[in-house]
Amino acid sequence: MDLFRGFWSKHRRKIVVTTTCLGSGYLIYKLYNAHTRNLAHLERELANERHNDELIKTQLKDHFDNIQMIADTTTLPHALRHLSSRIVEEIDVSGVMETLSRGKGTLVPSEKLHLWNDLKILSFTRMVVSLWSVTMLSLYIRVQVNILGRHLYIDTARGLGTSLLLEELDLIEREDEQKFLASADYLATNSMPSLIFHMKSAVKEVLKGKQLKDVLTTRTLEDTVIRILDVFMSTGSPHHWIDYLMMPQDTTTDISSSDATVTKFHLLITETREVLTSNEFTDVAEIALKSCTVALVEEMETQLGLATGIQLAKLLPQIEKTVPEISAVPDKNRFLQRIRDLPEVQLFFTLLYSNMPH
């Protein structure tokens with residue numbers, strides 16, 4: 001015992017220091033080990049998150065591509081057939097052309113001039129109405145299906161996990177979904193007469209100084225069509241042209257109200273109108289209209305040799321031959337293909353679809 005006390009007295013300081021160091025070292029080891037395990041766990045979580053992010057990006061891209069395909073193969077062809085038939089019904093140039101044909105040698109000059117001027121206005125009106133309607137309707141339908149597809153994707157991701165197939169989705173009431181997509185026929189069914197009336201006014205204003213004997217070149221025809229579109233788009237209140245594409249805003253429920261009966265249809269319609277009134281959509285629409293105008297003139301140039309010029313009277317029959325191509329089915333429609341391929345259009349709809357609500 002005395003030996004132990006002597007040893008302790010002699011080495012007490014060293015023992016205390018050594019014990020303290022050993023205890024501290026063990027504590028540090030435990031802390032380090034716990035920290036290492038936490039880091040490994042965080043790294044695994046980050047890796048899983050990166051994997052999930054990549055999976056979600058892939059799924060979103062696949063779903064986005066599927067949405068564009070649905071627009072091209074299902075919604076747009078039906079709407080274009082209806083639109084084309086309505087334009088033919090409302091702007092019938094066959095009567096004027098038949099009268100001119102039957103009246104050769106019998107019509108007095110003043111009658112012929114009057115009929116040719118009627119044909120000039122009707123042909124240009126039909127051409128520009130077709131150009132504007134097909135361009136704007138194709139953009140409108142693409143807005144519709146991207147908004148609806150985004151809502152369906154979000155609702156499905158929240159409710160069903162990873163199911164992504166559009167045909168399997170039934171989270172939006174079928175009646176509201178069908179009603180929303182069917183609203184693409186509003187232009188052809190409800191507002192076509194008004195659209196034609198106002199477009200004809202723009203045509204008369206731009207063509208009032210042009211005579212049947214005037215020579216039009218590629219440049220002058222392109223400038224003429226663009227001027228008609230500019231006059232039409234700028235006449236009236238800002239964004240007045242939206243009311244040709246969709247029902248007026250006062251006919252839908254105000255979603256800002258506290259009424260709990262607001263339907264998904266009204267939510268979708270309101271969101272669509274907000275997109276159409278945006279500066280970004282206006283810019284895209286202007287670019288698409290200009291591009292389709294160029295395509296139209298190129299088509300006529302190929303068939304007529306517009307580069308060297310042609311009299312306006314000789315151009316009118318060619319307009320009637322070219323107009324049906326504007327509203328041809330999507331897989332044979334170079335105007336729609338041109339719209340789809342525009343970088344500005346692709347970027348706009350990519351951003352629209354990816355604008356996911358949190």
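Which residues in helix 5 meet which residues in helix 6? In this predicted model, the helix 5 side of the contact consists of Leu195, His198, Met199, Ala202, Val203, Glu205, Val206 and Leu207. Facing them in helix 6 are Thr224, Arg227, Ile228, Val231 and Phe232.

The geometry of the pair may be described next. Helix 5 spans residues 186-207 and helix 6 spans residues 218-234; their axes lie 9 Å apart and form an angle of about 130 degrees. Because of that angle, helix 5 is oblique to helix 6. The crossing of helix 5 over helix 6 is right-handed.

In soluble globular proteins, nonpolar side chains tend to be buried together.

Neighbours within four places in sequence aside, Trp132 is in contact with Leu195, Met199, Leu229, Phe232, Met233, Trp241, Tyr244, Leu245 and Leu289. Among these, Leu195 and Met199 belong to the helix 5 side of the contact with helix 6, and Phe232 to the helix 6 side.

A further site is Thr322, located in helix 10 (residues 312-326). Thr322 counts as buried because its relative accessibility is 0%, the cut-off for buried being under 20%. Residues up to four places away in sequence not counted, Thr322 touches Leu296, Glu299, Met300 and Gln303.

Conventions
Residues are numbered from 1 along each chain as its sequence is written. This is a predicted model: local features need pLDDT of at least 70, side-chain atom pairs count only at pLDDT 80 or more; totals for chains, interfaces and linings use all residues. Side-chain values use heavy atoms; hydrogens and water are left out. Axes are lines fitted to C-alpha atoms, for helices over the stretch in contact, and angles run from 0 to 180 degrees between N-to-C directions. Helices (H or I, at least four residues) and strands (E, at least two) are DSSP runs, numbered from the N terminus. Angles under 35 degrees count as roughly parallel, over 145 as roughly antiparallel, 65 to 115 as roughly perpendicular and the rest as oblique. A crossing is left-handed if the near helix is turned anticlockwise from the far one by less than a right angle, and right-handed if clockwise. Contact means heavy atoms within 4.5 Å. Buried means under 20% relative accessible area, exposed over 50%, partly exposed in between (1.4 Å probe, protein chains only).
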